[in-house]
Amino acid sequence: MTPEATSPGPGRAGAIGFAAAIGGLAGAALAARRGPRAVAVGTVTGALGLGASEAVARAVQKPGEIPPLWQRIASSAALAAPLGWIAGRLTGAGPVAVGTVAGAVAGGLGLRPQKVVGGPLLGAAVGRAIAYRDPQAPAAGVAAGTVLTYRVLSAVVFRDAQVSLLAERVPAAELPFVVPLPARSRYVGTGYVRELAASLGGSYVAAAPDAGIVASLDALEGPAFDPQAVDPRVREFYEHTTRFTLDIVPEWRAWVRPGYLLYRTLVARPLGQASVPMNQREAQRGIDSRIDTISTADGAVTVRGWIRSFADNDEPIYVGIYTTYRHEGRGYVSVGFPLPQSSFTATLQPQARPGGGLVLTSRGQDGQSGHYLTYIDPATDELTALSVPGFAEHLDVYVEDDELHAAHAFWVFGFPFLVLRYRIRRKDGTA
């Protein structure tokens, strides 16, 4: 399902103007050592060239698509030229150093582990090849050449898109698998549902008693899942989640730890969202779990927010808004994680598990399940959504040795990086 979208004239004109500015800077940087006349000619030529290619790219761009790959490659190479010129002026670095750094930056922006590792290696090779022919080669040309080579090779080697534009400025009804509830401030935090209730209206209940993350598993019935075959304890966990406590053991792959620590320090904690414990010792600080709800006047629950935080200081671990919906005879669970003026949604397909368990997976291959990063326009509530097939998860809830357990596994770019293992126990005094 790919909704129609349109590109307004002012937006297209702005994109062409921006591309022309980048092209002008690139032309000036590449011609810098040839004198003022060459710089003037380079500026005009670069602006006209990249501006014209952007105009062509926007003309052939289809609704709901990002600009063509060839234009994105040309723009990134052009942008690298003035940045390389600045680096050369400030450091006096030679071609090998400039190529290595340019490749490292390009690889880092590619996010895949293969690109992160391969970027600087390719950059060093390109820089060495240029230095062999011209040891005094200008840094602007080295940087642009490195990025151009890297982007072209990446397009050949990595053909599967890890992020793609799904829809642009469409009503929420056209994307039922997206939870379109953003954070209205820069901090999400454990008070999010209370603030949402003040915005949406309705009756807010903090730590709702005997609440579940779904109203009924029957809403998830479909070809691959029969709710009647689920073990009663699994059903009870989903429908009455607050009756249980969860002991968590995070298992991070070693290669992702440095990057996660950086993300957690710079992004997750300041944002108050998606800050998973780094190890079991940290999890043993104690974790509070509650479900906040928003209900209509007749008592129907419209919002279920599962909020987990560290018990000692209420630092948020995550705030997830749980919803269910049906499409073509199949039920789905969609979990929205509010972000500033946006939302990251995990839509999961239910599947039966031997022994009465339940699996929720984003790898349904059905056009619905998956991960979606969505911007919500504050004026119109229209959605612009990216599909993120490079991210995947698989939640398995099951009974083993007469106890409830869960294993929540995550992949990025096809690489497993985290498994959260849970031991689920009934609270004292619950039915």
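Buried here means under 20% relative accessible area, exposed means over 50%, and partly exposed covers what falls in between. With that cut-off, R353 at 27% relative accessibility counts as partly exposed. Keep in mind that this is a predicted model.

**Overall picture**

The protein chain carries 10 helices and 14 strands, and its C-alpha trace spans about 85 × 45 × 40 Å along the principal axes. Of its 431 residues, 47% count as buried. If you take the contacts with a separation of 6 or more, residues 24 or more positions apart account for 63% of them. The chain exposes about 20900 Å², with carbon and sulfur atoms supplying 60% of that area. As for charges, there are 39 positive and 36 negative ones, and their mean positions sit 13 Å apart.

**Nonpolar cores**

The largest nonpolar core has 45 residues, and the members touching the most others are F237, Y238, W252, W306, V397 and I424. Strand β14 (residues 415-426) gives this core its largest share, five residues. There's also a second, separate core of 15 residues, which includes V179, L181, V188 and L339.

Skipping its neighbours within four places in sequence, Y238 is in contact with G212, I213, V214, L217, L358, L360, L395 and V397.

**Salt bridges**

A search of the whole structure turns up 21 salt bridges. Here are three of them:

| Pair | Closest N and O atoms |
|---|---|
| D210 and R243 | 2.5 Å |
| R285 and E315 | 3.8 Å |
| D396 and R353 | 2.7 Å |

Take D210 and R243, which form a salt bridge. D210 is in the loop between β2 (203-205) and α8 (232-239), while R243 is in the loop between α8 and β3 (244-252), so the pair ties together parts 33 residues apart in sequence. D210 is partly exposed at 39% relative accessibility, whereas R243 is buried at 17%.

R285 and E315 also pair up loops: R285 lies between α10 (280-283) and β4 (287-295), and E315 between β5 (301-310) and β6 (316-327), so this bridge ties together parts 30 residues apart in sequence. R285 is partly exposed, with a relative accessible area of 27%, and E315 is buried at 15% relative accessibility. Both belong to a network of salt bridges that links R264, R269, E282, R285, D312 and E315.

Back to R353, which bridges to D396. D396 belongs to strand β12 (residues 391-400) and R353 to strand β8 (residues 342-353), so the pair ties together parts 43 residues apart in sequence. D396 counts as buried, at 13% relative accessibility.

Notes. Residues are numbered from 1 along each chain as its sequence is written. This is a predicted model: local features need pLDDT of at least 70, side-chain atom pairs count only at pLDDT 80 or more; totals for chains, interfaces and linings use all residues. Side-chain values use heavy atoms; hydrogens and water are left out. A nonpolar core is a set of buried Ala, Val, Leu, Ile, Met, Phe, Trp, Tyr and Cys residues joined through side-chain atoms within 4.5 Å. Buried means under 20% relative accessible area, exposed over 50%, partly exposed in between (1.4 Å probe, protein chains only). Helices (H or I, at least four residues) and strands (E, at least two) are DSSP runs, numbered from the N terminus. Contact means heavy atoms within 4.5 Å. Accessible areas come from the Shrake-Rupley method with a 1.4 Å probe; for residues, only the protein chains shown count as cover. Lys and Arg count as positive and Asp and Glu as negative; His and the chain ends are not counted. The place of a charge is taken as NZ of Lys, CZ of Arg, CG of Asp or CD of Glu. A salt bridge is a side-chain nitrogen of Lys or Arg within 4 Å of a carboxyl oxygen of Asp or Glu.
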